[in-house]
Amino acid sequence: MTNKDLKEAFFKGLEYYNTNDYINARYWFNISYQHDGFRVQSLTKLIQIELREGKYAKAREILNNNPDQDKPIFKLLYGLLENIENNFEQSKKYYRECMTSPELQYKALMALAKLNVQTGDYSIAERMYQTLQLNPKFYIQATKGLICLKILEKDFYQAEQYIMKIDRSSLTPKLTQHYDILNNYIKYYLGKLKLLDNNYDKEKDYMIYRLYDHSEELLLFHIAKHQNQEEKNTNGCFFKYLDLKKLLLDARVIIENMNANHFEVSDMYRFRLDTPIGYKNETITNDLCVVTMLGTKDIITMYPVSLSNEFDKEGFSKNEQIKLKRLKGGIKK
């Protein structure tokens, strides 16, 4: 292939990546990786695909075997992976190193703000988000961060004030979806959400619909989608005949004693079980991710993931100090 072909392959991969078609995106990025000028960008996207598909072991393997792993962009990805796998001190180390890189400084500050939310340092995170709001390129992301923070603090009035400052018409489709979820979530807790307002589809707008329908049937129906064996090589899947009702009961007991990993508009609980539950590619996995409404134990869905051998090495998942900091609303400084 010529350099022109390889360059075109990268942009084809980008088109598929932006529409969440990771099968085709991975195909084209593996081709464009052969172009010296697009090697770093292609590998960055390939790692991000592994992270989005819950293949954390694979993402760590790629990062560890990457000869360019000392480049700031890969340190940022290392920081994200450590955050996902509950290693917050290591994550903070990577993000702080990225702060010295001018082109990644604001992204690193955003990542550090999110990390301070994880560790219960809410007032520090709030000041970071407010600083980021001063940069027009980061205004929406920072404001969304503040909204999620106020939801965690149960300050729904302030969360509403922040969301009213966002122009919904200016958002991308993905951000619009996040906006609608947060907006309805805030209205729900302020007592402003009525059943008559429900114009949402229980499949397309599932997270919003769950505010209206808390039934076990709807939840199990949604979880059962993750038994689709055709997704074995992409998102992964549960075993075809796995008892999902029992798995759900077990998951509820386990997460009661765990600290959530806050992510966007939801909370994640990742852990290993004693027995296999499904596949990630052809590999059988014991690892589960349980997703709940932000700041609650109300399960939205769950699906198999693949955790690395570095998962939770700092013991965050059951760290009592962080649990107390979160309960007190963070350390005020």
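Let's start with strand E6, which is mostly covered: seven of its seven residues are buried. One thing to keep in mind throughout is that this is a predicted model.

E6 covers residues 287-293, and six bridges join it to E7 in an antiparallel run. If you want to find that pairing on the screen, look for valine 291, which stands opposite threonine 301 in E7. Another pair to pick out is aspartate 287, with valine 305 of E7 opposite. Between E6 and E7 there is a hairpin with five residues between the strands, and glycine 295 there takes a positive phi near 80°.

E6 also has a partner in E3, residues 266-272: seven bridges join these two, and they too run antiparallel.

Now let's zoom out to the whole sheet. In what order do the four strands of the open sheet come? The order is E2-E3-E6-E7, with antiparallel pairing. Strand E2 (261-263) and strand E7 (299-305) are at the edges with a single partner strand each, so each has one side left without a neighbour in the sheet. From one strand to the next, the twist averages 30°.

Is E7 mostly covered or mostly uncovered? Mostly covered: seven of its seven residues are buried.

What is isoleucine 300 in contact with, once we leave aside its neighbours within four places in sequence? The list is Tyr206, Met207, Leu219, His222, Val291, Thr292 and Met293. For a sense of scale, isoleucine 300 and leucine 6 are 294 residues apart in sequence, and their C-alpha atoms are 41 Å apart in space.

From that contact list, let's follow histidine 222. Its place is in helix H13, residues 216-224. Histidine 222 is buried as well, with a relative accessible area of 15%. Not counting residues up to four places away in sequence, histidine 222 touches Tyr206, Ile300 and Thr301. You will remember threonine 301 as the residue opposite valine 291.

My last stop is a pair of helices. In general, two packed helices are described by the angle between their axes and the distance between the axes. For helix H2 (residues 22-32) and helix H3 (residues 39-52), the axes come within 9 Å and cross at roughly 155°. An angle over 145 degrees counts as roughly antiparallel, and therefore H2 and H3 are roughly antiparallel to each other. Their crossing is left-handed.

Which residues meet where H2 and H3 come together? From H2 we have Tyr22, Ala25, Arg26, Phe29, Asn30 and Ser32, and from H3 they meet Ser42, Lys45, Leu46, Ile49, Glu50 and Arg52. Sorted by class, the contact has five nonpolar, three polar and four charged residues.

That's my tour, and I'm happy to go back to any of these spots on the screen.

Definitions and conventions. Residues numbered from 1 in each chain as written. Predicted model: local features only at pLDDT ≥ 70, side-chain atom pairs only at ≥ 80, totals over all residues. Heavy atoms only, no water. Axes fitted to C-alpha atoms, helices over the stretch in contact; angles between N-to-C directions. Parallel < 35°, antiparallel > 145°, perpendicular 65-115°, else oblique. Left-handed = near helix turned anticlockwise from the far one by under 90°. Contact = heavy atoms within 4.5 Å. Nonpolar A, V, L, I, M, F, W, Y, C, P; charged D, E, K, R; others polar. Pairing = 2+ DSSP bridges. Buried < 20%, exposed > 50% of the residue type's maximum accessible area, 1.4 Å probe, protein only.
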